[in-house]
Amino acid sequence: MRQSTARRTQSWMDRERADHARLYPHEVRIEVDPYGPIGATRRENLDRVVAQVRARGRNPRVCLYAPSFDGQVPRASLESAANYAERQSWQVGPQQFYTDPSGATAPQDRPGWSLVRQQVRAGFADGVVVITADVVSRQAARYREELDWFEEHHGFIALVVSEPVTGLA
């Protein structure tokens, strides 16, 4: 199991695990999803913001966000996000979808993601819908930073495919 993706050096346990994996490649290994523990926090914030918005007598307004590949509009991803928003009774404006090239840098450095943040900061959107957590960031620490930013600005991140629930046995 991997405890953190942010470490630059390996502990003795990590080295021992790597040696064991190299010596016994046929064994099945299960790694912990780095987004799992953060998922509960994301869901709590989403539920809180949605409840507050509905208490004011309106449905949440959301942006849709997806990475693009080879300059193509990611229609399937945006449609999945739109369908998810519709099932939740959330409003999506006609021009409220944003994209950035796949593999772009940190979330706050991406033009499309920055526009999503502007919509939330200005109060034009209550949140954003993406397919999976790694669309926001493939680094758990940066994903957590984005969740914190949205919570601070009374917004939410909704996932079509949620993080796995961890810690329950």
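Visitor: How many salt bridges does a search of the whole structure find? And which residues line the largest cavity?

Guide: The model is predicted, so local features need pLDDT of at least 70 and side-chain atom pairs 80 or more, while totals for chains, interfaces and linings use all residues. Residues are numbered from 1 along each chain as its sequence is written, and side-chain values use heavy atoms, without hydrogens or water.

The whole structure has 6 salt bridges (a Lys or Arg side-chain nitrogen within 4 Å of an Asp or Glu carboxyl oxygen). One of them joins aspartate 19 to arginine 22, with 3.5 Å between the closest N and O atoms. Both residues belong to helix α1, residues 12–23, and because they are 3 residues apart there, about one helical turn separates them. Helices (H or I, at least four residues) and strands (E, at least two) are DSSP runs numbered from the N terminus.

An open sheet is built from 4 strands in the order β2-β1-β3-β4, with parallel pairing (at least two DSSP bridges per pair). The edges are held by β2 (91–101) and β4 (156–159); each has a single partner strand, so one side of each lacks a neighbour in the sheet. Further in, β1 (residues 61–68) pairs with β3 (residues 127–130) in the parallel sense through 3 bridges. Cysteine 63 has valine 128 in β3 as its bridge partner.

The search of the whole structure gives 1 cavity of 30 Å³ or more, and the largest cavity holds about 50 Å³ of space. On a 1 Å grid over protein atoms alone, a cavity is where a 1.4 Å probe fits but cannot get out; a pocket is open, with protein on both sides within 12 Å along at least five of seven lines; lining residues have an atom within 4 Å of a point. Points join across faces, edges and corners, and volume is the space filled by probe spheres on them.

The lining of the largest cavity consists of Thr41, Arg42, Asn45, Leu147, Asp148, Phe150, Glu151, Phe156 and Ile157. Two or more of these residues come from each of α2 (36–55), α6 and β4. Helix α6 gives the largest share, 4 residues. By class, the lining divides into 4 nonpolar, 2 polar and 3 charged residues (nonpolar: Ala, Val, Leu, Ile, Met, Phe, Trp, Tyr, Cys, Pro; charged: Asp, Glu, Lys, Arg; polar: the others, including Gly).

For comparison, the second largest pocket contains about 350 Å³ of space. Its lining has 21 residues, with Gly103, Arg110, Asp134, Val135 and Arg138 closest to the centre. At least two lining residues come from each of β1, β2 and α5 (133–136). Helix α5 gives the most to this pocket, 3 residues. The classes here are 10 nonpolar, 6 polar and 5 charged.
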